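Me: I am new to this structure and would like to learn how to read it. Please take me through some features one at a time.

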Amino acid sequence: MALQAPEGTKDLLPDEAVYWTRFKAIATEIFGRYGYLPIETPVFEQTELFVRGIGEATDVVSKEMFTAISGENLKKLLDGGTVKAKSRLSLRPEGTAGVVRAVVQHDLVPQGAAPAKLLYAGPMFRAERPQKGRQRQFNQVGIECLGAEEPSVDAEGIIMLMRFYAAIGIPVEATRLLVNSMGCDVCRPAYRDAVKAFMDTHTDELCDECKRRAETNPLRAFDCKNPGCAAVMEGAPKITDHLCDDCREHYEAVKTYLTGAGLVFVEDPTLVRGLDYYTRTVFEVQVTEGMGSQNAIGGGGRYDKLAEEVGGRPTPGFGWALGYERCVLALEAAGHTLPAAQRCDVFVACVDDSVRAEAFSLVQALRDGGLVGEMDHQRRSLKSQFKLADKLGAHAVVVLGPDELAAGQVKVRDMQAHDEQMADLAALKTQLAACAVEGGAAALKDVLARLA
Ligand code: AMP
């Protein structure tokens with residue numbers, strides 16, 4: 001049997017690969033208006049970065065990370081040896097830890113500097129059970145803003161994400177924006193203890209995993225999908241009743257900015273998200289219909305302690321990531337189909353082999369002029385060349401025949417108007433070559449109109 005892509009991965013075939021490129025371009029354009037600049041970090045990092053940054057007790061780190069190991073080190077391990085800590089590597093399960101590591105390593109936020117606003121796009125890897133909308137390799141676009149703790153940073157980050165969804169065609173009415181505050185070092189420990197104490201009074205009703213969570217990470221129980229646990233946790237203390245004054249003020253300011261920008265949101269005091277590094281603002285964007293349980297298309301929050309966790313000086317941060325594949329599913333749920341990637345402006349057809357060299361040179365001139373030009377490379381009949389031109393979506397077909405060519409003439413068929421005209425080859429070449437200067441395919445339409 002022919003080999004298949006690994007389980008939980010997906011090939012982006014040309015239509016979709018072209019769309020992914022466009023998706024990133026729109027992101028770069030929109031987030032660029034808010035001052036965000038691209039950064040590229042490795043797809044693998046020292047495992048310790050994720051353990052320290054994301055948290056050892058999180059599902060992402062304890063169960064879902066893919067280890068990356070060189071052949072040499074794998075052999076060492078299989079022979080019963082050990083490998084140095086710096087050679088213990090993992091594929092990144094998310095982008096924030098790597099970006100924060102890079103900010104610290106390259107001192108991108110020196111004392112007193114403006115915040116570093118960074119944007120990334122690329123694959124993430126999680127060894128989850130694959131299902132629709134949940135892959136083992138998936139693409140994220142994310143932003144991180146380091147060096148500012150003002151609530152305006154959180155608000156503009158959320159606003160620009162919602163603007164992006166609208167720009168790509170996910171209707172705002174089809175989404176739900178959930179927000180919460182997770183508190184800080186001052187107020188969260190007491191809240192954690194309150195949740196743990198509450199869970200201890202309901203131990204018998206909790207699943208084994210949540211019994212463990214009560215000891216290691218009680219807040220994670222809010223994410224448990226077990227209906228029994230969910231029912232119990234509904235009665236748990238709410239973080240919003242336990243915020244310190246500074247956190248409350250911060251949260252209120254974020255909400256005021258969001259409302260001022262016309263965003264509708266739902267406050268969800270049980271929203272804790274799966275990673276340990278969040279402080280204060282957390283949020284998630286869900287699609288309300290058509291996506292089943294994998295309906296989160298983006299989310300993130302503030303992480304004021306993460307830079308210190310990875311060895312840097314205190315540097316507050318805020319960021320989020322959106323899932324590319326889930327956005328495509330959301331677009332499909334909203335009735336959109338991906339545009340076809342294939343485009344052909346002018347197809348040059350040959351009546352027989354004697355004109356192939358001239359066709360080859362004309363196609364080249366078209367491309368040099370900025371048009372998408374194509375010709376037959378399989379010695380097809382003229383009829384089948386027309387079929388191909390049609391399939392490629394060509395606006396025009398230029399037909400080269402030996403007799404016409406001898407008189408310096410070619411036939412031009414406008415594929416939309418179904419109209420054919422004779423044209424002078426030399427003049428046509430000059431006009432087509434000018435298309436790029438005048439504006440590509442749009443200028444081609446003028447050329448065709450002038451012939452008609
Ligand atoms: P997270 O880092 O878990 O907050 O993920 C941010 C976004 O990435 C989510 O809202 C999803 O859209 C997307 N995402 C996370 N995990 C997966 C996955 N396994 N497969 C596809 N998309 C994912």
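Me: Which residues does Lys255 touch, not counting residues up to four places away in sequence?

Reply: This is a predicted model, so every value here is computed from predicted coordinates. Lys255 touches Phe265 and Glu267, once residues up to four places away in sequence are set aside. Lys255 itself sits in helix H10, residues 245-260.

Me: Is Lys255 buried or exposed?

Reply: The idea is to compare the relative accessible area with a cut-off: a residue under 20% counts as buried. Lys255 has a relative accessible area of 10%, so it is buried. Its side chain also makes a polar contact of 3.1 Å with the side chain of Glu252.

Me: How should I read a sheet, and what is the strand order here?

Reply: Strands of a sheet pair through backbone hydrogen bonds, and the pairing can be parallel or antiparallel. In this model an open sheet of 8 strands runs in the order E1-E5-E6-E11-E10-E9-E7-E8, with mixed pairing. Its edge strands are E1 (37-38) and E8 (266-267), each of which pairs on one side only.

Me: Which strands are joined to E6, and by how many bridges?

Reply: Strand E5 (residues 116-125) is joined to E6 by 10 bridges, and the two run antiparallel. E6 is also joined to strand E11 (residues 317-323) by 7 bridges, again antiparallel.

Me: How many residues of E6 are buried?

Reply: In a regular strand the side chains alternate between the two faces of the sheet. For strand E6 (residues 137-146), 9 of its 10 residues are buried, which makes the strand mostly covered.

Me: How many residues of helix H12 are buried?

Reply: For a helix, count the buried residues and then look at what they pack against. In H12 (residues 324-333), 8 of the 10 residues are buried, so the helix is largely enclosed by the rest of the structure. The buried ones are Tyr324, Glu325, Arg326, Cys327, Val328, Leu329, Ala330 and Leu331. They pack against helices H1 (14-32) and H6 (151-168), and against strands E6, E9 (279-287), E10 and E11. Just after H12, Gly335 takes a positive phi of about 90°.

Me: Which residues come nearest to the ligand?

Reply: Start with the shell of residues around the ligand, then look at single atom pairs. The shell has 14 residues, of which Arg126, Glu128, Gln135, Arg273 and Ala296 come nearest. A polar side-chain atom of Arg126 is 2.8 Å from an oxygen atom of the ligand. From the backbone, an N or O atom of Ala296 lies 2.9 Å from a ligand oxygen, and a polar backbone atom of Gly298 lies 3.1 Å from a ligand oxygen. The ligand has 480 Å² of accessible area on its own, and the protein covers 91% of this.

Me: Which strand supplies the largest share of the shell, and what classes of residue make up the shell?

Reply: The largest share, 3 residues, comes from E10. Strands E6, E10 (296-302) and E11 each supply at least two residues. By class, the shell has 4 nonpolar, 5 polar and 5 charged residues.

Key. Residues numbered from 1 in each chain as written. Predicted model: local features only at pLDDT ≥ 70, side-chain atom pairs only at ≥ 80, totals over all residues. Heavy atoms only, no water. Buried < 20%, exposed > 50% of the residue type's maximum accessible area, 1.4 Å probe, protein only. Helix = DSSP H or I, 4+ residues; strand = E, 2+ residues; numbered from the N terminus. Pairing = 2+ DSSP bridges. Near = heavy atom within 4 Å. Polar contact = N/O pair within 3.5 Å; in protein donor to acceptor, adjacent residues only side chain to side chain. Areas by Shrake-Rupley, 256 points an atom, 1.4 Å probe, with all protein chains shown as cover. Nonpolar A, V, L, I, M, F, W, Y, C, P; charged D, E, K, R; others polar. Contact = heavy atoms within 4.5 Å.
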